[in-house]
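Please look through the sequence and the model before reading on.

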Amino acid sequence: MAVGLLVSQTPALGLTINLSYVNNPLGEPVNDPGAVKLQQVMEEAADAWEAIILDNHTISIEVVYAGDLGGPLASAEEISSSGDRVTSGRIRFDGSNFPW
């Protein structure tokens, strides 16, 4: 049986979001051990943004439960950029009172 591989010569255009998950058991809510629910939600959100943003850009985002953030449900920060575009960032979610 032969297996073929189709390779496109032109790069795909559009947004690419690379998600990585930072393990922080001390920051996770008890009802989401291993951040399984958070990972599912973030992957669905990334897929949705990639489907509608057609700019050719790649961004890497670290996602982590950070324990008690003292009020906000989440906070975001830029890690690096190129020109006027963020190339990597971090989103910290309050794991002390997450409404799953």
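In which strand is the place of Ile91? In this model, which is predicted, Ile91 belongs to strand E4, a stretch that covers residues 85–93. Leaving aside residues up to four places away in sequence, Ile91 touches Met42, Ile61, Glu62, Val63, Val64, Ala74, Ser75 and Ala76. One of these, Ala74, is 17 residues apart from Ile91 along the chain, and the C-alpha atoms of the two are separated by 6.8 Å.

Strand E2, made of residues 57–65, pairs with E4 in the parallel sense over 6 bridges, and Val64 has Arg92 in E4 as its bridge partner.

Side chains of opposite charge can pair when their charged atoms come close. The count of salt bridges comes to 3. In one of them the side chains of Arg85 and Asp55 meet, at 3.3 Å from N to O. Because Arg85 lies in strand E4 whereas Asp55 lies in the loop between H1 and E2, this pair ties together parts that are 30 residues apart in sequence. Arg85 is partly exposed, with a relative accessible area of 32%, and Asp55 likewise counts as partly exposed, at 45% relative accessibility.

Which residues are linked with Arg90 in a network of salt bridges? The network joins Arg90 with Glu62 and Glu77. The side chains of Arg90 and Glu62 meet at 2.9 Å, N to O, and this pair links distant parts of the chain, since Arg90 is in strand E4 and Glu62 in strand E2, 28 residues apart. With Glu77, the closest N and O atoms of the salt bridge formed by Arg90 are 3.2 Å apart; as Arg90 lies in strand E4 and Glu77 in strand E3, the pair ties together parts that are 13 residues apart in sequence. Arg90 is partly exposed, with a relative accessible area of 24%, while Glu62 counts as partly exposed at 26% and Glu77 is partly exposed at 36%.

Terms used: Residues are numbered from 1 along each chain as its sequence is written. This is a predicted model: local features need pLDDT of at least 70, side-chain atom pairs count only at pLDDT 80 or more; totals for chains, interfaces and linings use all residues. Side-chain values use heavy atoms; hydrogens and water are left out. Helices (H or I, at least four residues) and strands (E, at least two) are DSSP runs, numbered from the N terminus. Contact means heavy atoms within 4.5 Å. Two strands pair if DSSP finds at least two bridges between them. A salt bridge is a side-chain nitrogen of Lys or Arg within 4 Å of a carboxyl oxygen of Asp or Glu. Buried means under 20% relative accessible area, exposed over 50%, partly exposed in between (1.4 Å probe, protein chains only).
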